[in-house]
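Thank you all for coming.

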Amino acid sequence: MALVTSAVMQSDVGMVRPRNEDAAYADPQGRFAIVADGMGGHGAGDVASAMAVELLRGHLEGEADRLAAYARAPRPAGREAIAARLRIAIEAANQAVYDRSVREPDKHQMGTTLEVMVMCGDEALIAHVGDSRTYLLREGLLTQLTEDHSVAEAMRRAGTLDDATAAVSPMRSVLSNAIGVTPTVTVELLAVALQPGDRLLMCSDGLHDYFTR
């Protein structure tokens, strides 16, 4: 039986930038949630994040019947179909943001991170691009589910930076993968089996950069 879910969101411009470059959407029915962080230092990061969220929101609302059918009768083929369509939607969003950045000079090189969570029965399907993160809170233990698509994280995994150095390296803000920067994007997908009482936290680096686990 599918879990009963709810979703909420909160965002704040903070004390560094004059405008909020984050965008997010939490489906009132708890079916999906989206977080995007416009790339600081680039033109129109707030435009890129808003575009990505609205495009994915429209796609997922259009998939409502498919998601409901999967929740009623979960099958591997159904989950694979949802994952494939989600990947296609993110690739289309990437192309749309990239095309606009090329077409409009004041938006040159704009980009955004993207986290998407979709409820599939008693599983969460998570799509990840960039250095925003998704965490699972279960029975008091917080586990990071995604890996940052940043130069510092790639160096840490390769063993050229230790954990402490990677956490403060300037390279942690240099993304190796993002929406809208190039015509193609790599989408990391993972499925998480959920239990009653689980919480998923999706956040930009405006949160996870300031607090330890």
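This is a predicted model: local features need pLDDT of at least 70, side-chain atom pairs count only at pLDDT 80 or more; totals for chains, interfaces and linings use all residues.

**The sheet and its surroundings**

Strand 1 and strand 2 pair in the antiparallel sense, over five bridges, where pairing requires that DSSP find at least two bridges between two strands, and where helices (H or I, at least four residues) and strands (E, at least two) are DSSP runs numbered from the N terminus. Residues are numbered from 1 along each chain as its sequence is written, and side-chain values use heavy atoms, with hydrogens and water left out.

Taken as a whole, five strands make an open sheet in the order 1-2-3-4-7, with antiparallel pairing. Strand 1 (22-26) and strand 7 (188-193) are the edge strands, each pairing on one side only, and the twist from one strand to the next averages 10 degrees.

What, then, packs on the sheet? Helix 3 (residues 76-103) does, touching strand 3, strand 4 and strand 7, and its direction makes about 25 degrees with that of strand 4; contact means heavy atoms within 4.5 Å, and the angle, on a scale from 0 to 180 degrees, is taken between N-to-C directions of lines fitted to C-alpha atoms, for helices over the stretch in contact. Helix 3 has 28 residues and reaches 41 Å from its first C-alpha to its last, close to the 40 Å expected at 1.5 Å a residue, the expected span being 1.5 Å times one less than the number of residues.

Several residues of helix 3 are buried, including Ile82, Leu86, Ile90 and Val97, where buried means under 20% relative accessible area, with a 1.4 Å probe and protein chains only. Their cover includes helix 1 (45-62), helix 2 (64-72), strand 3, strand 4 and strand 7.

In regular strands, side chains alternate between the two faces of the sheet. For strand 2 (residues 32-37), six of its six residues are buried: Phe32, Ile34 and Ala36 on one side, and Ala33, Val35 and Asp37 on the other.

That brings me to the largest nonpolar core, which has 32 residues, with Ile34, Leu86 and Val118 among those having the most contacts inside it; such a core is a set of buried Ala, Val, Leu, Ile, Met, Phe, Trp, Tyr and Cys residues joined through side-chain atoms within 4.5 Å. Helix 3 gives the most to this core, with seven residues. Apart from it lies another core, of 11 residues, among them Met117, Ala124, Leu136 and Met202.

Finally, the cysteines: cysteine 120 counts as buried at 1% relative accessibility, and cysteine 203 is buried too, at 5%. The structure holds zero disulfides, a disulfide being a pair of cysteine sulfur atoms within 2.5 Å.

Notes
Buried means under 20% relative accessible area, exposed over 50%, partly exposed in between (1.4 Å probe, protein chains only).
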